[in-house]
Amino acid sequence: MFRRWKWPLAIQRVKSISGRADRQQVRDDWEGTDQTGAGAFAVCQGLVKIYKVADLETVALQGLDLEVRRGEILGVIGNSGSGKSTLLNILGGLDLPSAGRVFVGGQDLLELSDAGLSRYRREKVGFVWQQSSRNLIPYLTALENVQLPMMLMGKPLGSRTARARELLASVGLEWRMSHRQSQLSGGEQQRVAIAVAMANAPEILLADEPTGEVDTDAAIAIYGVFHKISRAYGTTVIIVSHDRTIGSFVDRVVAVRDGKVSTEATRRERESDDELATGEMEELVVLDSAGRLQIPRELIERFGLKGRVRVEAGDGHIAIVPVEAADRKGQPK
Ligand SMILES: Nc1ncnc2c1ncn2[C@@H]1O[C@H](COP(=O)(O)OP(=O)(O)OP(=O)(O)O)[C@@H](O)[C@H]1O
Ligand SMILES: [Mg+2]
């Protein structure tokens with residue numbers, strides 16, 4: 001029923017679960033489901049999303065598989081239209097897939113009722129969007145913005161003020177508490193937005209191009225804040241970005257191409273917990289559960305792969321050979 005996060009609707013949602021019967025229903029939804037997907041914190045299995053506008057169908061996700069560990073910071077990159085936001089919206093319970101399964105914290109999101117999904121968004125997920133106007137209420141101060149989600153959850157004034165101050169200090173803005181949105185720089189607005197998203201201690205933080213409207217220095221500061229917050233609170237963080245340099249600030253980067261995870265880059269050496277990563281990233285092609293992989297475009301072009309190819313078992317490896325080359329190899333000289 002409620003698919004998009006908007007502040008006024010949040011108030012309605014709090015009201016909607018205020019009755020005892022409703023509350024029991026939500027608890028049943030939340031606790032009475034199977035625990036498939038245990039092991040990884042967030043699991044996407046064969047996600048398909050088809051949007052239909054008039055007679056035109058767009059396949060935004062084409063059987064996407066993904067696993068994210070608890071407390072991991074994952075970067076998601078990919079060209080425009082590759083399905084990054086669609087993936088994030090599904091993980092955040094804002095949208096439902098056309099097929100496939102999605103689990104977060106062992107919870108099958110597709111088994112939740114509208115009320116359960118609404119509660120999931122409110123209690124388990126924090127969102128940070130690219131546009132500050134979607135993250136912050138302009139006429140509230142930074143402190144009030146961070147307090148608002150806690151107020152909607154009925155937290156007492158004293159504890160919400162203390163937590164809002166603590167969060168603003170975590171994002172390095174304790175000296176900007178009484179500033180409104182127009183009195184903050186773009187980068188500062190996004191750091192307040194992270195504090196707002198963390199207000200109700202979500203287990204997973206989803207950020208869709210949070211650095212899309214700021215310069216490089218501010219972007220680095222924002223990535224640093226995600227890192228610090230994740231390590232301090234154990235929050236799982238997924239950051240969508242166009243910017244490949246995100247690899248320096250996250251544990252792993254997956255590239256989405258045509259609605260599927262095509263490659264994955266993981267750090268060779270693990271960083272220490274309180275420092276930003278410095279190790280090199282190693283990029284690997286991802287084999288999906290059906291045995292499909294996406295060959296990097298530059299290799300397809302370099303070897304002139306088109307249509308059908310031969311897959312040959314070698315000594316400890318599998319070779320993909322253009323059909324013409326394979327035919328030539330088989331011919332007598
Ligand atoms: N609500 C919608 N209705 C119809 N089509 C949609 C809708 N949302 C996304 N799409 C289509 O689905 C595909 C994937 O969109 P998505 O927004 O997930 O891409 P993206 O990777 O986030 O792109 P960008 O980097 O530009 O934000 C695109 O072709 C887009 O046009
Ligand atoms: Mg997008």
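Which residue of β10 is the bridge partner of Arg 252? Thr 266 is the bridge partner of Arg 252 in that strand.

Before going on, some bookkeeping. This is a predicted model, where local features need pLDDT of at least 70 and side-chain atom pairs count only at pLDDT 80 or more, while totals for chains, interfaces and linings use all residues. Residues are numbered from 1 along each chain as its sequence is written, and chains are lettered from A and ligands numbered from 1 in the order in which they are written.

β9 covers residues 252-257, β10 covers residues 260-267, and the two pair in the antiparallel sense over 6 bridges. Pairing here requires at least two DSSP bridges between two strands. Helices (H or I, at least four residues) and strands (E, at least two) are DSSP runs numbered from the N terminus.

Both strands belong to an open sheet of 7 strands with mixed pairing, in the order β6-β7-β8-β3-β9-β10-β11. At the edges, pairing on one side only, are β6 (125-128) and β11 (281-285). Direction ignored, neighbouring strands are turned by 20° against each other on average.

Next, α3. This helix lies across β3 (73-77), β7 (204-208), β8 (236-240) and β9, and runs at about 155° to β8. Axes are lines fitted to C-alpha atoms, for helices over the stretch in contact, with angles from 0 to 180 degrees between N-to-C directions. Contact means C-beta atoms, placed from the backbone, within 7 Å.

α3 also gives the largest share of the shell around ligand 1, 3 residues. The shell includes Tyr 51, Thr 58, Gly 78, Lys 84, Ser 85 and Thr 86; a residue is near the ligand if its C-beta atom, placed from the backbone, lies within 6 Å of it. Elements giving two or more residues are β1 (42-53), β2 (56-68) and α3 (84-91). By class, the shell has 3 nonpolar, 8 polar and 1 charged residues.

On β2 we also find Glu 67. Beyond its neighbours within four places in sequence, Glu 67 is in contact with Ala 40 and Val 43. Ala 42, 25 residues away in sequence, is 5.7 Å from Glu 67, C-alpha to C-alpha.

Finally, the whole chain: 11 helices and 13 strands, with buried residues making up 35% of its 333 residues.

How values were computed
Nonpolar A, V, L, I, M, F, W, Y, C, P; charged D, E, K, R; others polar. Contact = placed C-beta atoms within 7 Å. Buried ≥ 20, exposed ≤ 12 C-beta atoms within 10 Å, placed from the backbone.
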